[in-house]
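Hi everyone, thanks for coming. I'd like to walk you through a structure that may be new to you, so please have a look at the screen.

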Amino acid sequence: MPLRAGDPVPEMVDPGRGFGLVDVVRRRYLLQLLTRKDVQVRYRGSVLGWAWSFVKPAALFTVYFLALGVFLRLNDTIENYPIYLFSGLILVNFFSEAFINSTRSLVENGPLIKKIFMPRELFPVATIFVAIVNLLPQVVILLLVCVGVGWTPTVAQALGVLLAIAIIMIFALGLGMLFGAANVSYRDSQNFVELIVMVAPWASPVLYQWSMVKDVVPDWLFTLYQLNPVTSAVNLMHQGFWEPTTGSGTVAPHTWVYAGIGLLSSLIVLAAGQFVFHRLEGRFAQDL
Amino acid sequence: MPKISEARTSSPGAVQVTDSTAVAVAEVRKTFKLRHTHSIKESVVAMVRGKTISSTFDALSGVDFAIESGESVALLGFNGSGKSTLLKLISGVLRPDAGTIRIRGRIAGLIEVGAGFHPDLSGRENVYLNAAILGMTKDEIDARFDDIVAFSEIEKFIDTEVKHYSSGMFLRLAFSVAVHTEVDILLVDEILSVGDEPFQRKCLDRIRELQAVGTTLVVVSHDLDMVSKLCDRGILLREGKVVFDGEAKHAVEQMRGSAPTFVDVPASRAFFDEVEWAAAAGIAEGFEVGDRREFRPVEEITRAELAELLHRFEGSAAFEVPATPTFADVPATHPRATEIEWFAATGLAPAGVADLGPDHTVDRAEFAALLHRHAGEPAHDLPRKPTFVDVPLDHPQLTAIEWLASTGISAGWQAPRGTMEFRPETPLTREATVVFLHRYREWHPER
């Protein structure tokens with residue numbers, strides 16, 4: 001509304017300066033629409049549509065299960081290996097998708113960023129929510145399978161799953177903002193991210209068990225391995241879904257301690273991501 | 001009760017700001033950095049070879065003005081004068097490199113209608129998405145949705161995907177969303193050229209309604225008649241500086257009346273704007289003939305002249321001439337030695353040749369290749385059929401010329417039977433060079 005006599009006079013502000021992620025919360029309706037748009041248009045024009053979001057993890061699961069579970073006999077040594085594998089795999093896939101798409105989100109929305117001002121953090125944040133929408137049906141399938149084989153989690157174990165998802169959201173968003181901001185000027189960034197994502201499933205106990213790492217590496221290296229926020233989140237997933245379906249399965253020790261550290265380091269990464277994003281943001285519209 | 005404080009004034013720079021100021025622009029400078037490299041590898045290679053990685057030019061400098069709430073202001077100037085950059089600065093899309101810009105109240109820019117439209121969503125979904133992008137809340141959109149649709153006159157198709165719309169329908173809907181946003185300051189860039197005559201009139205009426213309720217308007221348009229009718233005030237920009245600020249009528253008169261820089265490029269000439277832009281930006285100086293200046297538009301450009309134009313296009317960066325000349329036929333004493341050495345150092349000049357041939361003409365294919373290199377050789381898909389009949393798929397400069405066509409920098413000429421030709425071997429004229437450079441910058445303003 002135009003200013004009228006009697007209205008309080010708003011302060012003069014700098015256009016184009018915002019409060020980062022705080023603005024995303026303020027503009028949550030727009031965030032909701034952007035997320036919905038991405039979800040809606042994602043599989044437009046394909047016959048299978050959203051079935052693709054099941055086909056891809058199913059294919060990946062099958063390949064790993066055959067190669068590692070059957071041929072390399074992990075299925076014999078790890079109890080309920082399919083559940084172990086699937087619960088870790090969907091989380092790492094969630095991380096990969098969220099990380100890659102948030103890194104690319106600024107370049108992909110370049111035309112909009114160049115023409116209309118809005119909090120640019122909206123774009124990476126929206127991709128994280130799209131990745132969640134992709135993750136949820138897979139969690140439901142996992143849940144059904146777990147219930148089918150006799151799932152008896154404690155409340156803490158079940159809540160750990162939510163913490164795992166939260167850690168990955170925060171960690172992927174922080175990294176995505178960091179690499180996404182760099183990607184505007186140097187597209188090397190997204191290739192580097194693809195590299196990280198390629199390594200991710202192997203750098204956490206997703207396909208194999210944590211004890212196999214502990215047996216062969218020095219203690220300090222194992223500690224480093226445990227400090228990876230993705231590892232801490234994978235352990236929480238195993239603790240929530242896999243452990244309660246087995247008799248003797250145990251996840252790595254100090255799961256909660258490392259989960260706490262993982263959450264904290266994810267928050268630090270997010271703060272760093274926001275800082276770098278804010279520093280580079282002024283150049284987005286002209287570098288895209 | 002909110003109390004209105006006494007009108008207080010503060011002055012950042014020379015600009016008076018009061019409680020009713022809507023936009024304050026003080027000592028604003030916007031410099032574009034022209035990067036010649038686009039990956040870390042390229043940057044390192046360029047550094048090792050001692051080539052320039054970037055240069056700069058000022059799109060705006062020392063711009064000061066304040067706009068009062070409820071004013072309607074036109075930003076005027078030839079292409080390349082910096083008026084669109086200024087609009088983007090006010091909207092917050094770009095940020096100034098020096099000086100300050102402050103605004104009061106909600107702002108929305110019609111900088112390009114339909115920028116946020118997605119072809120796969122329905123008209124209804126796009127209305128919600130775009131209104132939200134322009135800063136409206138869900139309740140505000142719900143309340144205005146029917147007005148927006150009625151204004152656009154496409155009620156029947158509102159639930160059809162936008163990709164099935166005609167371009168007219170698309171623009172009507174996009175414009176309708178934009179003029180129904182609740183804002184204090186509305187930025188309008190060339191918007192009023194959309195749609196057919198009756199719709200244009202309707203748009204103007206709507207904008208007058210907004211004016212009547214006190215919305216501040218900042219308009220950029222080439223339609224000078226419309227601008228002088230719609231706006232009270234005009235700010236004329238030339239070469240990134242304010243040269244006139246006053247009544248819109250007078251600003252338009254001043255812009256119209258400005259005598260052409262070159263006697264041989266009158267305002268009636270097709271590429272007058274582009275040549276004036278080159279003159280204003282200091283890219284083309286022309287030739288002094290007595291007390292008049294000539295541009296000699298149809299004369300063929302030489303390599304030395306081209307080096308000089310490009311050097312100025314890049315902001316005339318200072319450059320140290322190497323001790324040994326790069327080209328045997330361009331000694332350090334050559335009048336354009338600096339520009340030509342700069343030309344060689346940026347990697348734009350033909351590489352691996354002993355002689356440059358400074359007085360040689362430049363054919364259109366060679367220039368296409370040069371611009372393509374300058375743009376960092378952007379990747380683009382080659383069409384299966386060549387765009388131009390005289391640039392077949394095995395032409396040595398096919399990639400560069402197809403890229404030039406894909407960016408719209410070159411449209412070529414109409415040839416018989418609806419085909420297009422590029423005339424790759426034709427020497428480039430001075431006028432064509434300037435037109436290409438102008439379109440090149442419009443295509444990618446920061447270069």
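Let me begin with a question: which domains does the domain assignment give for chain B? There are two entries, domain 1 covering 6–256 and domain 2 covering 272–443. Taken over C-alpha atoms, the centres of domain 1 of chain B and domain 2 of chain B are separated by 32 Å. Do keep in mind that what we are looking at is a predicted model.

Now over to chain A. Its secondary structure comes to 14 helices and one strand. Along the principal axes, the C-alpha trace of chain A spans about 75 × 50 × 40 Å. A compact globule with 288 residues would have a radius of gyration near 19 Å, and the 21 Å of chain A agrees with that. Of those 288 residues, 46% count as buried. And if we take the contacts in chain A with a separation of 6 or more, 83% of them come from residues 24 or more positions apart.

What does UniProt tell us here? An unreviewed UniProt entry places the feature "transmembrane region" at six stretches of chain A: residues 47–71, 83–101, 122–151, 157–180, 192–211 and 256–277. Let's look at two of these. Residues 47–71 of chain A are 80% helix and 0% strand, with end C-alpha atoms 34 Å apart. Residues 157–180 of chain A are 100% helix, and here the end C-alpha atoms lie 34 Å apart.

Let's zoom in on one residue, V133(A), which sits in helix α7 (residues 122–149) of chain A. V133(A) and S53(A) are 80 residues apart in sequence, yet their C-alpha atoms are 9.9 Å apart in space.

Finally, how do the two chains meet? The contact takes 31 residues from chain A and 41 residues from chain B. On the side of chain A that touches chain B, the elements giving two or more residues are β1 (12–13), α2 (28–42), α6 (110–115) and α14 (284–287). α2(A) gives the most, with six residues. By type, that side of chain A divides into 20 nonpolar, four polar and seven charged residues.

β1(A) pairs with strand β4 (residues 98–104) of chain B in the antiparallel sense, over two bridges. In β4(B), R104(B) is the bridge partner of M12(A).

Note on methods
Residues numbered from 1 in each chain as written. Chains lettered and ligands numbered in written order. Predicted model: local features only at pLDDT ≥ 70, side-chain atom pairs only at ≥ 80, totals over all residues. UniProt positions renumbered as here; feature names shortened; annotations may be inferred. Helix = DSSP H or I, 4+ residues; strand = E, 2+ residues; numbered from the N terminus. Domains from an automatic or database assignment. Contact = placed C-beta atoms within 7 Å. Nonpolar A, V, L, I, M, F, W, Y, C, P; charged D, E, K, R; others polar. Pairing = 2+ DSSP bridges. Rg over C-alpha atoms; globule rule 2.2 N^0.38 Å. Buried ≥ 20, exposed ≤ 12 C-beta atoms within 10 Å, placed from the backbone.
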